[in-house]
Amino acid sequence: LDNIVLELAVIFAGAAALGTLFLYLRQPIILAYILLGGLIGPWGFRVLGDAGHIEQLSHIGIILLLFLLGLNLHPDKLLQLFRKTSIVTLSTSFLFMVLASTASFLMGFGGRDSLIIGASMMFSSTIVSLKLIPTTTLHQRHTGEMMISVLLFQDILAILLILFLGGSAAGGGILTMGLVVLKLAGLGAFSFAAVKFVIIPLFRRFDAIKEYIFLASLGWCLFMAEMAHLLGLSYEMGAFMAGVAIAAFPVALVISENLKPLREFFLILF
């Protein structure tokens, strides 16, 4: 297929059909999305033989998901959660890395390759984990908040690990990690300053126009995602910072409700 409208029709009609079946079977609907992708994708029946442009669109869903998560986490609360979950996250990640590295080494891989395989296996899928629990648990209960902090901590570790490996290949691993920390701090400071002195005053000035709030918040999310990417970080990290910077203000709840339908559209593509 090379017609974008036809591709979307296949994806969403198929997702609706399989989703209905999975709900009757009392299974999470995200499993229907994954199964459909396997069936119609390049490694299935090849209904979508080249899904490259669909893949690019789908990442917008992940960006919006992290932005909405940031909107629901006040900065002070986020720091408290990181303090509570840092030891658990680091210890479990290290345990899974050791187990996966050992298994890889026993299968005949070299020492360096085994370590890289083990490092890649110690992370969880943020999107799958978050979609498998109810929204009320995710945003309102202590368990959901702890889960979010663990997943976000893992995302930070993943970014540091990828950049460390790339820096090691170029001969500057520790220096590269230090540069990443500075970039994160700078991007965070910029996002909070921009929200306080530009974004929030504009929202207050035009709060009666809901269309503007929707447009400006979406633009802010994607702008920060691209800023992070230009700095060598991930799109998702930039979007999350954009959300956290607004979380301290009441308008965060309004933005969250307005963007949820758009988020679901792109997550189905993912």
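Which residues form a nonpolar patch on the surface?

Analyst: The model is predicted: local features need pLDDT of at least 70, side-chain atom pairs count only at pLDDT 80 or more, and totals for chains, interfaces and linings use all residues. Residues are numbered from 1 along each chain as its sequence is written, and side-chain values use heavy atoms, with hydrogens and water left out.

The nonpolar surface patch is formed by Phe197, Val198, Leu202, Phe206 and Ile209, whose accessible area together is about 450 Å². Patches consist of residues with over 30% relative accessible area and no salt bridge; like charges are joined within 9 Å, and nonpolar side chains (Val, Leu, Ile, Met, Phe, Trp, Tyr) within 5 Å. A salt bridge is a side-chain nitrogen of Lys or Arg within 4 Å of a carboxyl oxygen of Asp or Glu. Accessible areas come from the Shrake-Rupley method with a 1.4 Å probe, and for residues only the protein chains shown count as cover.

Helices (H or I, at least four residues) and strands (E, at least two) are DSSP runs numbered from the N terminus. With a relative accessible area of 45%, Ile209 is partly exposed; buried means under 20%, exposed over 50%, and partly exposed in between (1.4 Å probe, protein chains only).

The helix α10 leads on to a further part of the model. The axes of α10 and helix α12 (residues 251-269) come within 10 Å and cross at roughly 75 degrees; axes are lines fitted to C-alpha atoms, for helices over the stretch in contact, and angles run from 0 to 180 degrees between N-to-C directions. The two helices α10 and α12 are therefore roughly perpendicular, given that angles under 35 degrees count as roughly parallel, over 145 as roughly antiparallel, 65 to 115 as roughly perpendicular and the rest as oblique. Their contact (heavy atoms within 4.5 Å) is made by Ile213, Phe214, Ser217 and Leu218 of α10 and by Ile255, Asn258, Leu259 and Leu262 of α12.

The helix α12 also meets helix α1 (residues 4-24): their axes come within 10 Å and cross at roughly 100 degrees. Leu8, Ile11, Phe12 and Ala15 of α1 make this contact with Phe265, Ile268 and Leu269 of α12.

As for the whole, the protein has twelve helices and zero strands. Of its 270 residues, 40% count as buried. The accessible surface comes to about 15,000 Å², of which 71% belongs to carbon and sulfur atoms.
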